[in-house]
Structures are given as structure tokens and as C-alpha cells.
Amino acid sequence: MPKALFTATVESAGNLKMKCSSRDFTFHVDEPKNLGGTDEAMNPVEALLSALGACQCIVAKSFARQQKINLIDIQVKIEGELDTDGFTGINKNAKLGFSKITTKFYVKADNTEQEIRDFITFVEHHCPVLDTIVNTPEIVTEIYPV
């Protein structure tokens, strides 16, 4: 099975604001003012939640017809619970990342409630971002002097 390589580059755009680039696309992330940023963009964990929701919506729209779902509209709202005392160092025992992620699907489709529930289960089983969160990949770190 072929493996595709996806790449991204992140560089400083001042203070805690970061410029994120992949292919010909760019967006920024920042931190809210209460966490030391300038609040000019969503922060990395908000971007992660957005990536998860976007991936789930893309999977839903891509596979709806194949799964016999007459998908009219879909929206995903995601909440992530994070103890900021963990990454700020205030509580060394606190988890650094999300302790809970809740995904709420709002689906408009001409299907039964059970068909929609089964479809959302399909979506969750075919979402690469969700799979990456649930089944953590091997992480390799390389350092290069500049």
C-alpha cells in the first residue's frame, strides 16, 4: 500500500505567534493574552480540534453517497478539556494535553436516526486525524543546527 508524505513548516512570526505553512498554504497560530500571546489567531490545541472536526466533515462528505446517506449538511462542534496548570508548570502532575475531547455532530440528512448514527461510526473509523490521536504514531525528533 502506498505511503504519502505530508509536510509542514512552522516558523516564528513574532512573540508566540507562529506561521504554519504546507504546500502553497499558510495560517497562523498564537496564544490568548492570558497565556502570553497576542491573541491574533487560534492556539495550537484549538487548531488540533479544528483539524479533527474538518477531517471528520471531509470524511462524511466524501463517503456519504457511498454509504447511502443523503447528506444535506454537517457541522461538528468539538470541546477539549485541558488543565493549563500542566503545560505552564504550575502542577507537575497535571496532564499536558487534553484529558477529554467531546465531538458533537449536527447532521442534516434524509436518513433514519440509526442510519445517521451508523454513518457517524463509519466516519470516526475512517478519520485519519482521529486515528492519529487515538493510535499515537511513532514520534521521531531530529535536531539540526542553523
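The lining of the largest pocket divides into 16 nonpolar residues, three polar and no charged. Nonpolar here covers Ala, Val, Leu, Ile, Met, Phe, Trp, Tyr, Cys and Pro; charged covers Asp, Glu, Lys and Arg; the others, Gly among them, count as polar. This is a predicted model, in which local features need pLDDT of at least 70 and side-chain atom pairs count only at pLDDT 80 or more, while totals for chains, interfaces and linings use all residues. Residues are numbered from 1 along each chain as its sequence is written, and side-chain values use heavy atoms, with hydrogens and water left out.

**Largest pocket**

- The largest pocket holds about 830 Å³ of space. A pocket is an open set of points on a 1 Å grid over the protein atoms alone, where a 1.4 Å probe fits, with protein on both sides within 12 Å along at least five of seven lines. The volume is the space filled by probe spheres set on the points, which are joined across faces, edges and corners.
- Its lining has 19 residues, and Phe27, Ala47, Leu48, Ala51 and Val129 are the closest to the centre. Lining residues have an atom within 4 Å of a point.
- Strand 3 (25–29), helix 1 (44–63) and helix 4 (128–134) each give two or more residues to the lining. Helices (H or I, at least four residues) and strands (E, at least two) are DSSP runs, numbered from the N terminus.
- Helix 1 gives the most, with eight residues.
- The pocket lies between domain 1 (1–41) and domain 2 (43–134), because both give residues to its lining. The domain bounds come from an automatic or database domain assignment.

**Salt bridges**

- The whole structure has three salt bridges. Each needs a side-chain nitrogen of Lys or Arg within 4 Å of a carboxyl oxygen of Asp or Glu.
- Lys17 and Glu40 meet at 2.8 Å, N to O. Lys17 sits in the loop between strand 1 (9–12) and strand 2 (18–22), and Glu40 in the loop between strand 3 and helix 1, so the pair ties together parts 23 residues apart in sequence.
- Glu79 pairs with Lys104, with the closest N and O atoms 3.2 Å apart. Glu79 is in strand 4 (residues 71–81) and Lys104 in strand 5 (residues 100–109), 25 residues apart.
- Arg117 pairs with Glu113 at 3.1 Å between the closest N and O atoms. Both lie in helix 3 (residues 113–125), four residues apart, about one turn of the helix.

**Exposure of the paired residues**

- Lys17 is buried, at 17% relative accessible area. Buried means under 20%, exposed over 50%, and partly exposed in between (1.4 Å probe, protein chains only).
- Glu79 is partly exposed at 43%, as is Lys104 at 33%.
- Arg117 is exposed at 52%, and Glu113 is exposed at 56%.
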